[in-house]
Amino acid sequence: MQRFEAKVALLTGAASGVGRATALRLAAEGASVFGVDVDAEGLEETGRLVADAGGQMQGACFDLSQPELCDQAVSACVEAYGGLDVLGNIAGVSRFHIFTEITEAQWDFVMGVNLKGVAFMCRAAIPHLIERQGSIVNVASVAGVIGQAYTVAYCVSKGGIVQLTRALAMEYIHQGIRVNAVAPGGVDTPMNQKLEFPDGMDWKLVRPYSGRRGQAQAEEIAAAIAYLASDEARPVHGEILSIDGGVHAGG
Ligand SMILES: NC(=O)c1ccc[n+]([C@@H]2O[C@H](COP(=O)([O-])OP(=O)(O)OC[C@H]3O[C@@H](n4cnc5c(N)ncnc54)[C@H](O)[C@@H]3O)[C@@H](O)[C@H]2O)c1
C-alpha cells in the first residue's frame, strides 16, 4: 500500500515507541515524515531506521508543552516539505501519583505535554491541513475513557484529548479536514519500562489495562493511526478508536 505517496506527515513523539513505529509505517507507505520530539538521539535513530528502510524523514527537537514551540515545529515542517497533510499527535508522558500528594508542577507537566501540547499542535497545523484537506490523528488512551487509579492527571489529560478530538471534529466539519483519535490500552514501549510508582499505592486498585490479549505492539497502534490518517478513512471523523483488547468494552 502506498496511501501516503506525495503526502507530508508531521509526527510528534517520533523518537520512540508508537511515534517511531508510525514514522516507519507512514514512510514505508510513501509519506515524507517530519518527526518532532525532545529526544534528539532517539529522533536521529528513527531517521536512520526510516532511511535504512528506503523512506524519507527529517526531524527537529521541540518541547511541545510550549505553544510557541508547537508553532515553530509546524513551520519547520512546512518549510522542509512545502505543506502538511497529516498531523499525528503521538508524544506523551505517563506519571503515577497519589492524588492528594501531586504538586502543581507535576500536574502542569502532564497536562502541558499531553493536552496543551496536542491542542496547540492542532492550532498551528489546522490552517495548513485545510489547505491540503488533511487529517489529524491524536493518541489518547484507555485512561481517557475509563478511570485509572493513581494516574488522575494522565486520565484527565487523555480524557481532554478525547473531547478535543470531538470538539475539533465538529468545529471543522465543513472544512474538509478530519480529526480522529486512537485510545490504546497497554502498549509494549519504553514508556511502560520506565514508570515509577509512589509509596503507598494499593495495587488492588490498579487494573491491567491491556485486556486479555496482552499488551499491544507499537506497530499495531501505528497501523491504526495510518488507517485513520489515510483516505481509506474518508468517512471517519470525530472517532475515538479503542485498541485495548476489550477493556473499554468491559473486559
Ligand atoms: N505505552 C502505553 O502503554 C500507552 C498506552 C496508551 C496510550 N499511550 C500513549 O501513546 C503515546 C506514545 O507513547 P509511547 O508508549 O510510544 O511512549 P514513549 O515514551 O516510547 O514515547 C513518547 C515520546 O514522546 C516524547 N515526548 C515526551 N515529552 C515531549 C515533549 N514535551 N515534546 C516532544 N516530545 C515529547 C518522548 O521523548 C518520547 O519519544 C503517548 O501519548 C502515550 O500516552 C501509550
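## Strand β3 and its partner

In this predicted model, D37 has C61 of strand β3 as its bridge partner. The pairing belongs to a set of six bridges that join β2, which spans residues 32–37, to β3, and the two strands run parallel. Residue C61 itself lies in β3, and its C-alpha atom is separated by 5.6 Å from that of V36, although C61 and V36 stand 25 residues apart along the chain.

When residues up to four places away in sequence are not counted, C61 touches D37, V38, A40 and L43. C61 counts as partly exposed because it has 16 C-beta neighbours inside 10 Å, a count that falls between the limit of 12 or fewer for an exposed residue and that of 20 or more for a buried one.

## The sheet as a whole

The pairing of β2 with β3 is part of an open sheet of seven strands, whose order is β3-β2-β1-β4-β5-β6-β9 and whose pairing is parallel. Its edge strands are β3, covering residues 56–61, and β9, covering residues 240–243, each of which pairs on one side only. From one strand to the next, the twist averages 15°.

Two helices that pack on this sheet can be described by the strands they touch. Helix α5, formed by residues 152–171, packs on the sheet and touches β5 (135–139), β6 (178–184) and β9, with a direction that makes about 160° with that of β6. Helix α7, formed by residues 218–229, also packs on the sheet, where it touches β4 (86–89), β5, β6 and β9, and its direction makes about 165° with that of β6.

## Strand β5

Strand β5 is joined to β4 by four bridges, and these two strands run parallel; within this pairing, the bridge partner of V86 is S135 of β5. Five of the five residues of β5 are buried, so the strand is largely enclosed by the rest of the structure.

In a regular strand, side chains alternate between the two faces of the sheet. Along β5, S135, V137 and V139 point one way, whereas I136 and N138 point the other way, and all of them are buried.

## The nonpolar core

The largest nonpolar core has 73 residues, and those with the most contacts inside it are L10, V33, A125, V182 and I221. Helix α4, which runs over residues 104–132, gives the most to this core, with eleven residues.

The surroundings of A125 can be listed in detail: leaving aside its neighbours within four places in sequence, A125 is in contact with L10, V74, L84, L87 and I136. Of these partners, L10 is itself among the residues with the most contacts inside the core, while I136 is one of the buried residues of β5.

Packed helices are described by the angle between their axes and the distance between the axes. Helix α1, residues 17–28, and helix α2, residues 40–52, have axes that come within 10 Å and cross at roughly 25°. This angle is the reason why α1 is described as roughly parallel to α2, since angles under 35 degrees are counted in that way. The contact is made by R20, A23, L24 and A27 on the α1 side and by T46, L49 and V50 on the α2 side, and the crossing of the two helices is right-handed.

Helix α1 also packs with α7, at an angle of about 55° and with the axes 8 Å apart, which means that α1 is oblique to α7. Here too α1 passes its partner α7 in a right-handed crossing. From α1, the residues G17, V18, A21, T22, R25 and L26 meet A218, E219, I221, A222, A223, I225 and A226 in α7; I221 is also one of the residues with the most contacts inside the largest nonpolar core.

A6, placed in the segment before β1 (8–12), has a positive phi of about 65° although it is not a glycine. Because A6 has 10 C-beta neighbours inside 10 Å, it counts as exposed.

Y150, placed in the loop between β5 and α5, likewise has a positive phi, near 70°, in a residue other than glycine. Because Y150 has 21 C-beta neighbours inside 10 Å, it counts as buried.

How values were computed:
Residues numbered from 1 in each chain as written. Predicted model: local features only at pLDDT ≥ 70, side-chain atom pairs only at ≥ 80, totals over all residues. Pairing = 2+ DSSP bridges. Axes fitted to C-alpha atoms, helices over the stretch in contact; angles between N-to-C directions. Contact = placed C-beta atoms within 7 Å. Core = buried A, V, L, I, M, F, W, Y, C linked by C-beta atoms within 7 Å. Parallel < 35°, antiparallel > 145°, perpendicular 65-115°, else oblique. Left-handed = near helix turned anticlockwise from the far one by under 90°.
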